[in-house]
Amino acid sequence: MSYTLITGASTGIGEEFAREFARRGSDMVLVARSESRLRALGAELSPSGSPDIHICVEDLGDPESPGRIYEYCARKALRVELMVNCAGFGFAGDYASMPLDELQEMVQVNTAAMALLVRFFIPDMVAQKKGGIINISSVSGFQGVPFLGLYAATKSFIITLSESLHEELNDKGIKVVVVCPGYIETGFHTRARQYPEHSILPVSHPSVVVRAAIKGLLKNRLHVFPTVLDFLLVFLQRFLPKTIILKTAAFLAPLKYNGSVQEG
Ligand SMILES: NC(=O)c1ccc[n+]([C@@H]2O[C@H](COP(=O)([O-])OP(=O)(O)OC[C@H]3O[C@@H](n4cnc5c(N)ncnc54)[C@H](OP(=O)(O)O)[C@@H]3O)[C@@H](O)[C@H]2O)c1
């Protein structure tokens, strides 16, 4: 049997992936820290035990966790044919005063854990000559974003690694897509201290991301932009100087800490 492994499956976009793959009858391994949420979701999506859903509680901020997730699947003989790397978080504010533990955790969760998980699981996909990887990045990965710089940099990392792997694994039967959404309605923004409701950009439902990602994977697209606006925000950069792009990025990402939105 083959499984779909989803990180960040407890809430938001990852949870929506789990719901969609359950509708499609996919067996799954759901990963996040919130054990009770994962267990409740697993019970809801598989009341009769089909599809087969496994809960793997891990903190991806721990550098050893990707190895443990791989061992968990190997021990239970769960052959992972599709990975959805969705776990991630943002943190807005002056870089000069960013808490060091937030900085380290973000680099670990958003970049290193994803890179390690992919490294652990692709040899088995290569051996099977079959597999898929969906990496969740963001439109913010295509340029710097003042006051959200480290997050934007982690999303650039995901784009660059995904692009390389797309080409490297293409003739080995493995599809790699990188999904680049704009604002999505999840708990992400509260955690990140962002205010999408103050932006002129629309906020989409997580299902928009999931539908676009699955369609993109089936068509083996490299970049997936869930909405036309997401595509345009990146495409139009070709015609603009970088300084204008950076000022626009700051304008489109109103934060509590850049003076563009009053607290409270
Ligand atoms: N929402 C947006 O506007 C937006 C736009 C573009 C891209 N994205 C990207 O979409 C992805 C999903 O975000 P979301 O919007 O769905 O936000 P979310 O609802 O806050 O979900 C984040 C998920 O990541 C998991 N996670 C966070 N830290 C973790 C850790 N240390 N170990 C294991 N799991 C961890 C969370 O689970 P636990 O807390 O249970 O561990 C949760 O399941 C992120 O990579 C984000 O960068 C979001």
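Visitor: Which helix do the buried residues of helix 9 pack against?

Guide: This is a predicted model, so every value here is computed from predicted coordinates. The buried residues of helix 9 pack against helix 8, residues 228–235. Helix 9 covers residues 242–252, and its buried residues are I245, A249, A250 and L252.

Visitor: What makes T111 buried or exposed?

Guide: Its relative accessibility is 6%. Buried means under 20%. T111 is therefore buried. T111 sits in helix 4. Beyond its neighbours within four places in sequence, T111 is in contact with M106, T154 and F157.

Visitor: How do you know whether M125 is buried or exposed?

Guide: The figure for M125 is 1% relative accessibility, and the cut-off is under 20%, so M125 counts as buried. M125 also belongs to helix 4.

Visitor: What does M125 touch?

Guide: Leaving out residues up to four places away in sequence, M125 touches V80, E81, L82, M83, K130, G131, G132, I133 and I174. E71 is 54 residues from M125 in sequence, and their C-alpha atoms are 15 Å apart.

Visitor: Why is R23 called exposed?

Guide: Exposed means over 50%. R23 has 57% relative accessibility, so R23 counts as exposed. R23 is in helix 1.

Visitor: What is noted about the phi of A77?

Guide: Phi of A77 is near 55°. That is a positive value in a residue other than glycine. A77 lies in the loop between helix 3 and strand 4, and A77 follows helix 3.

Visitor: Why is A77 called exposed?

Guide: A77 has a relative accessible area of 63%, and the cut-off is over 50%, so A77 is exposed.

Visitor: Where is K129, and what is its phi?

Guide: K129 is in the loop between helix 4 and strand 5, residues 131–136. Its phi is positive, about 55°, although K129 is not a glycine. K129 has a relative accessible area of 65%, so K129 is exposed.

Visitor: What makes the peptide bond between S50 and P51 cis?

Guide: Omega is about 5° for the bond that joins S50 and P51. P51 lies in the loop between helix 2, residues 35–45, and strand 3.

Visitor: Which residues of helix 3 are buried, and what do they pack against?

Guide: Helix 3 spans residues 65–75, and S65, P66, G67, I69, Y72 and C73 are buried there. The buried residues of helix 3 pack against strand 1, strand 2, strand 3, strand 4 and helix 4.

Visitor: What makes a set of residues a nonpolar core?

Guide: The residues must be buried, of a nonpolar kind such as Val or Leu, and joined through side-chain atoms within 4.5 Å. The largest nonpolar core has 49 residues. L5, V29, I69, C73, M83 and F121 have the most contacts inside this core. Helix 4 gives the most to this core, with 10 residues. A second, separate core has 30 residues, including I13, M28, L217 and V224.

Visitor: What is V29 in contact with?

Guide: Setting aside neighbours within four places in sequence, V29 is in contact with Y3, T4, L5, I6, H54, C56, Y72, C73 and L78.

Visitor: Which residues come nearest to the ligand?

Guide: There are 31 residues around the ligand, and R33, S34, Y151, I184 and T186 come nearest. The shell divides into 13 nonpolar, 13 polar and five charged residues.

Visitor: How much of the ligand does the protein bury?

Guide: The ligand alone exposes 880 Å², and the protein buries 93% of that. Helix 1, helix 4, helix 5 and helix 6 each give two or more residues to the shell around the ligand.

Conventions:
Residues numbered from 1 in each chain as written. Predicted model: local features only at pLDDT ≥ 70, side-chain atom pairs only at ≥ 80, totals over all residues. Heavy atoms only, no water. Near = heavy atom within 4 Å. Areas by Shrake-Rupley, 256 points an atom, 1.4 Å probe, with all protein chains shown as cover. Helix = DSSP H or I, 4+ residues; strand = E, 2+ residues; numbered from the N terminus. Nonpolar A, V, L, I, M, F, W, Y, C, P; charged D, E, K, R; others polar. Buried < 20%, exposed > 50% of the residue type's maximum accessible area, 1.4 Å probe, protein only. Contact = heavy atoms within 4.5 Å.
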